[in-house]
Amino acid sequence: MTLLQFLRQARQLHRQFLSGALSETPIYVIGNPSADLDSIVSAIVYSFCANNRLPLKAPRPHIPLLNLPNVPAGPELYRLRPEFATALWLSTNSPVLRTEEQFENAQDSAGNLLREHVVTVADFAQSLKDQNILQQLLADATLVDWNAVPLPSNTDNGYGSLPGLPGVTFRTLGCIDHHVNEKFMPAAESLPENQPLIIEPGPGSCASLVTRELQNRKLMGDGQAFSAEMAQIAKLALSAVLIDTSNLTAEGKVTDVDREAVKSLQFQIAGQLEAAKISQDNWDLEAFYESILKAKQNSLDLLNVDEVLDRDYKDWTETSQTSGKAVKLGFCSSVKPIRWIVQKAASPEKFLDAVRSFATAEKELDVVVVMTAFTAADGSFCRELFACVVQENETAVEGIKAFVEQTTSQLQLVDWSPLDGENFSELGDVGSALNGSNTPFWRRLWIQKNAAGSRKQVAPLLRTAVSKL
């Protein structure tokens, strides 16, 4: 079965499940709310390989569910996640295994294909509405690239719902993740036999952990028999590993798990080329990576400021152990520098207005953090960190101040100056405009010289600073 055949079948099975036509319930494989390439690819690769092969004693269909509550599959998904469309296109159209699966990496062609092959949370919610399903639905799930749903059950460990899909309660049956353990998953012995429960912070990409687990279980090639279909899966998995580790060059993010994943996936692709008597010259890893990276970097040009902030977004709520006051923290990640986002907003003042509107009207946040990661004109990898309190919440201000005091040295936070090499003189002094110590709207912009500190490292530091107040 090709990758696109599997995806089309999974979408059909989803609709059959909702209509009551399936004899066995499927397992949804769900990535985290940022719905970045790593989350999407991890869900698809795991679903393909585990489909009707896990759990061991009672194998069931697996359906990848893209965690996008406001984005249906189709042209809009292509616009917001063109790097995923590019990775899917490169994985399935170089070469095409079935003539009918050929498509162009363009919004109309790829958008129509995505509509027929992908299920998002928005699609799931629309299906419930279309089929007039009003009762609470119970569905099983495996989590990848996160280990806790944002709306957990108050009574049942491992049960919870997703924003945008309150009518469905998910019972988690497994997890593969590389983030800090949120203590949501039930104990391994309460899961179906031999289901994965891997929460291993460290690797740069969750797809690396997924690859290792599937290969250890002999579900993702056995190193001997090569197939064109599995080569598609290997390419798709490789896309996420390379993007999340900057082609294995990201300082502090790359581990042996990532290196071994790239090595084994490349071996699988090379083996298929050899088996098909295709020259290795037809496979260029660097060009593959650069094509997907370019699609990701250029994608922000098509978005407004709200969409830039929401494109790679996660949030958490922490409660101060002394005051009992809750603080909701939102983290936005961008592959463009802060001045680029400010220019898109038209001015520093309008950028601040957009941040506050996004944080309060849409997300009900107390604190919003914008983290940028980009390559400067001199070729160096740079990070910026902007934090802003957007509500009158004294605990939020104190939490940010504690975070700064505790992590300035670790993250190497220094006064901001432009690193992007672009001429944005019309914006004035962005640093002065974005810094402000007046409460309640405290805000600060830094250069983060510890380039290894991604959101995966920074978010737990801020969460801990707030919870320990």
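Leaving aside its neighbours within four places in sequence, which residues is Ser320 in contact with? Keep that one in mind while we get our bearings. What you're looking at is a predicted model, and its chain is assigned two domains: domain 1 covers 3–297, and domain 2 covers 303–468.

The C-alpha centres of domain 1 and domain 2 lie 29 Å apart. On the domain 1 side, 22 residues are in contact with 16 residues of domain 2. How much surface gets covered up there? The size of an interface is often given as the accessible area lost when the parts come together. Here domain 1 and domain 2 bury about 1500 Å² between them, with 46% of that on carbon and sulfur atoms.

Now zoom in on the contacts themselves. Between domain 1 and domain 2 there are three salt bridges. You can look for Arg311 and Glu83, whose side chains meet in a salt bridge at 2.4 Å, N to O. The two domains also share nine residue pairs in polar contact. On the side of domain 1 that touches domain 2, the helices α3 (75–80), α4 (82–92) and α10 (285–299) supply at least two residues each. Of these, α3 gives the most, with three residues. Sort the residues of that side by type and you get five nonpolar, eight polar and nine charged.

Next, find helix α7, residues 206–216. Is this helix enclosed or open? Nine of its eleven residues are buried, so α7 is largely enclosed by the rest of the structure. Among those buried residues are Leu209, Val210 and Leu214, but also Glu213 and Gln215. What surrounds them? The buried residues of α7 pack against the helices α2 (37–50), α8 (228–244) and α9 (256–275), and against the strands β3 (137–144), β6 (165–177) and β7 (197–199). Ser205 caps the N-terminal end of α7, placing a side-chain oxygen 3.0 Å from the backbone nitrogen of Ala207. After α7 comes Lys218, which has a positive phi, near 60°.

And now back to Ser320. You'll find Ser320 in the loop between β8 (313–319) and β9 (326–334). As for the opening question, once neighbours within four places in sequence are set aside, Ser320 is in contact with Lys325, Thr395, Val466, Ser467 and Leu469.

Definitions and conventions
Residues numbered from 1 in each chain as written. Predicted model: local features only at pLDDT ≥ 70, side-chain atom pairs only at ≥ 80, totals over all residues. Heavy atoms only, no water. Domains from an automatic or database assignment. Contact = heavy atoms within 4.5 Å. Buried area = accessible area lost by both parts, 1.4 Å probe. Salt bridge = Lys/Arg side-chain N within 4 Å of Asp/Glu carboxyl O. Polar contact = N/O pair within 3.5 Å; in protein donor to acceptor, adjacent residues only side chain to side chain. Helix = DSSP H or I, 4+ residues; strand = E, 2+ residues; numbered from the N terminus. Nonpolar A, V, L, I, M, F, W, Y, C, P; charged D, E, K, R; others polar. Buried < 20%, exposed > 50% of the residue type's maximum accessible area, 1.4 Å probe, protein only.
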